[in-house]
Amino acid sequence: MKQEDTRKIKSISQKISDLLFFIKERFDLHEGKEDELETIDYIRKSVEFKGANLWILIFAIFVASVGLNVNSTAVIIGAMLISPLMGPIMGIGMAAGINDFELLQKSFKNLGIAVVISIITSTIYFSFTPLSDAQSELLARTEPTIWDVLIALFGGLAGIVAGSRKEKSNAIPGVAIATALMPPLCTAGYGIATGNLYYFLGAFYLFFINSVFISLSTYLIVRFMGFPKKEFMDEKREKTVRNYITIFTILTIVPSIYLAYNIVRRTIWEKAATSFVSSEFDFPRTQVISSSFFYNPDSSVIEVALVGERIDEQMIASLRRRTESSNLKNTHIQIKQSGDSGADMNLLRSDILKDLYERNEILLQNKDQQIRFLEREIEKYTETSNMTMDLAQEAKVNHQHLNAFAINRAIIANLQQNQVDTILFAYATFSVKPGLPEQNKLKEWLKVRTKADSVALVME
């Protein structure tokens, strides 16, 4: 038994060893890796911003600004594909990873030039564009969250891994799209052009997050893959630099976590508030005209406008008490009813008129569809009536004993299928009644001539 147990243990151990080897082989980053010096040189060359690179950046900023202005996702993606902003950002991470402070200074310098040029370019565009409204694509770049941190981190990891391969893939352009480096800079320019400090700070912070965590992911992969480092003469200085990197990263991520936490809380509250209004404000003779939700961590408000029979103060107090049991803590309910005076009444009138307009618009659209349907049916009947004499004369050529001919469309009720259908009726009288082959020939000719699916032929 002991030998058998030993064999089983060895078998299990071998299987585990084979599994670990399989996993290691599959996830080995050194497989297909380019020479480290070649990768360093590749990133070093992409850091420089002058000549063609600078002009490409300016043109890409204009394209992205137009895309944000007209709310076109496709245009924004195209601008991100041609943007060269990834170079100096990855250069910072690479330089920190290999202790190349000459490259680090060069990367920071060129990134600063790119940022300044980008913001100036977008500010010029948004100062002269006739479209001044902030669209959804632009607003999406004003509130960075922890999710943006994760996108930048994993996107940066994908970018540096792809950049270190012998065969370059399309991962780096994909990272530029996923992490959205350019749109935040354009949004920052919009904030300057419109004097909106909130937009400027939010958008610039988003760009800052993306830049830091792309650089951080590059730093991590460079250290993990063992790129050759420039040796410090002073180990104490190397430790100080590492501490600065850690502090800088923490200071970047903390505000984004706070923003993400607030967004999640607001989303949960708004969902609960919507559910509360639809379930609790269900009265037989009172209708909700509109509802508005205003979230604040300390004191949120649900505004509801009602029309119809007024609800009493006792019911209102009961509704306010029920908010506590509906995941709506620190939430106040403001109810506006028909009969209230002043501005509230004007608001109700406005809401009622808006509701009536929307309903009438739907009714008008339905009526327009009915009118178009009836017009098409009338056209069919008119066309059939106008064809009667022509069809009669053509039928006379093929059927010499034809005396009279009539044709029209009719509605037939199919009792078996419980539905109605349109059928073409033809009536013909002959001096000598034709045989069955001639009847079928006339019927088939009518179907082809009138393009009808079915024809009912009555003959005398």
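**Exercise 1.** Work out which residues of H3 are buried, and what covers them.

*Solution.* Start with the list: Leu57, Ile58, Ala60, Ile61, Ala64, Ser65, Gly67, Leu68 and Asn69 of H3 are buried (under 20% relative accessible area with a 1.4 Å probe, protein chains only; exposed is over 50%, partly exposed in between). Helices here are DSSP runs of H or I, at least four residues, numbered from the N terminus. Keep in mind that this is a predicted model, where local features need pLDDT of at least 70, side-chain atom pairs count only at pLDDT 80 or more, and totals for chains, interfaces and linings use all residues. Residues are numbered from 1 along each chain as its sequence is written, and side-chain values use heavy atoms, with hydrogens and water left out. Next, the cover: it includes helices H4 (73–82), H6 (101–128), H7 (136–139) and H10 (182–194), with contact meaning heavy atoms within 4.5 Å.

**Exercise 2.** Check the end-to-end span of helix H3 (residues 52–70).

*Solution.* Take 1.5 Å times one less than the number of residues.

**Exercise 3.** Find where Asn71 sits, what its phi is, and how exposed it is.

*Solution.* Most residues other than glycine have a negative phi. Last, Asn71 is partly exposed, at 27% relative accessible area.

Technical notes:
Helix = DSSP H or I, 4+ residues; strand = E, 2+ residues; numbered from the N terminus.
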